Amino acid sequence: MFDTHIHTKISSDSKMEIEDAIKCAKSRNISMIITEHMDLKFPKEGLFCFDAAQYFEEYDKYRGEDLLLGVEIGMKKDCIQESKKVAKNNPFDYIIGSVHLVNNLDIYYEEYYKGKNKREAYEKYFMSMLESIKTYDFIDSMGHIDYISRYAKYEDKEIYYEEYSDIIDEILKVLINTDKCMELNTRRLNDENAVKNIIPIYKRFRELGGQNITIGSDAHNTLSIGSNFNAAKDIAKLCDLKIVYFKERKKEYEKDQ
Ligand SMILES: [Zn+2]
Ligand SMILES: [Zn+2]
């Protein structure tokens, strides 16, 4: 099975050496798609971007059946064309589209939440996601819909589908109508409560006509590679969704569902 979301030292927030990742993945019987961060026009200049040519040059020798080269593109409205160019001009196997910044504020930090109650902060996040996936039509899968639940500064960080169902439905419909996958990010799946609250979103995706999901740990270190994959497989089964990965931008079905 492929772990389709992995950051090595080419990403600003990872120190992982690719050779360590390979060793570790092999021992866990996991294949990998490397997806380095490409958040163009990141507020702190130069962070979370990389030289694609150099990436392919450096990692080409590792590329093969069990290691594919992708990218995680940060979606925001001021760099659509630039991101599209990066996607088009490089031989990526796979492209994740993710929201990390809302109105140019990093939702990792306190500043984004200042003066907003949870509803406002989450609605703005989903609005930005909706706007992004309408314009970033060149991605393969939308990353971590529950990203905000990792970092929000509220006591209860969970997304309750019913509370945001209107806007979440709109997001899911755009993904389905444009034949995009949804990622099931496994980072939070060690938490029973997170699992319980993510399921209704993926069930709804299926109900509206969605069929395929990608599974990724978002590993930034070797420990996290392939983490919580059993929980992810259970969720896929429960929601009647098929697990896929991408090779040369083409969808492939996992045999081991
Ligand atoms: Zn991300
Ligand atoms: Zn990531």
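**View 1. A negative surface patch.** In this predicted model, E155, D156, E162 and E163 form a negative surface patch. Patches are built from residues with over 30% relative accessible area and no salt bridge; like charges are joined within 9 Å, and nonpolar side chains (Val, Leu, Ile, Met, Phe, Trp, Tyr) within 5 Å. Lys and Arg count as positive, Asp and Glu as negative, while His and the chain ends are not counted. A charge is placed at NZ of Lys, CZ of Arg, CG of Asp or CD of Glu. D156 sits in the loop between α5 (148-151) and α6 (165-177). Helices (H or I, at least four residues) and strands (E, at least two) are DSSP runs, numbered from the N terminus. D156 is partly exposed, with 34% relative accessibility. Here buried means under 20% relative accessible area, exposed means over 50%, and partly exposed lies in between (1.4 Å probe, protein chains only). Areas come from the Shrake-Rupley method with a 1.4 Å probe; for residues, only the protein chains shown count as cover.

Residues are numbered from 1 along each chain as its sequence is written, and chains are lettered from A and ligands numbered from 1 in the order in which they are written. In this predicted model, local features need pLDDT of at least 70, side-chain atom pairs count only at pLDDT 80 or more, and totals for chains, interfaces and linings use all residues; side-chain values use heavy atoms, with hydrogens and water left out.

View 2. E72 belongs to strand β3 (residues 67-74) and H100 to the loop between β4 (94-98) and β5 (101-102), so the pair ties together parts 28 residues apart in sequence. E72 is buried at 0% relative accessible area. H100 is buried too, at 6%.

**View 3. The salt bridge of R63 and D93.** The closest N and O atoms of R63 and D93 are 3.1 Å apart in this salt bridge. R63 lies in the loop between α2 (52-59) and β3, and D93 in the loop between α3 (80-89) and β4, so the pair ties together parts 30 residues apart in sequence. A salt bridge is a side-chain nitrogen of Lys or Arg within 4 Å of a carboxyl oxygen of Asp or Glu. By this rule the count is 18 salt bridges. R63 is partly exposed at 28%, whereas D93 is buried at 3%.

**View 4. The salt bridge of K251 and D179.** These side chains meet at 3.7 Å, N to O. K251 is in strand β11 (residues 250-253) and D179 in the loop between α6 and β8 (181-185); the pair links distant parts of the chain, 72 residues apart. K251 is partly exposed at 29%. D179 is exposed at 58%.

**View 5. The salt bridge of D78 and K76.** The closest N and O atoms of D78 and K76 are 3.1 Å apart. D78 is partly exposed at 32% relative accessibility, and K76 is buried at 9%.
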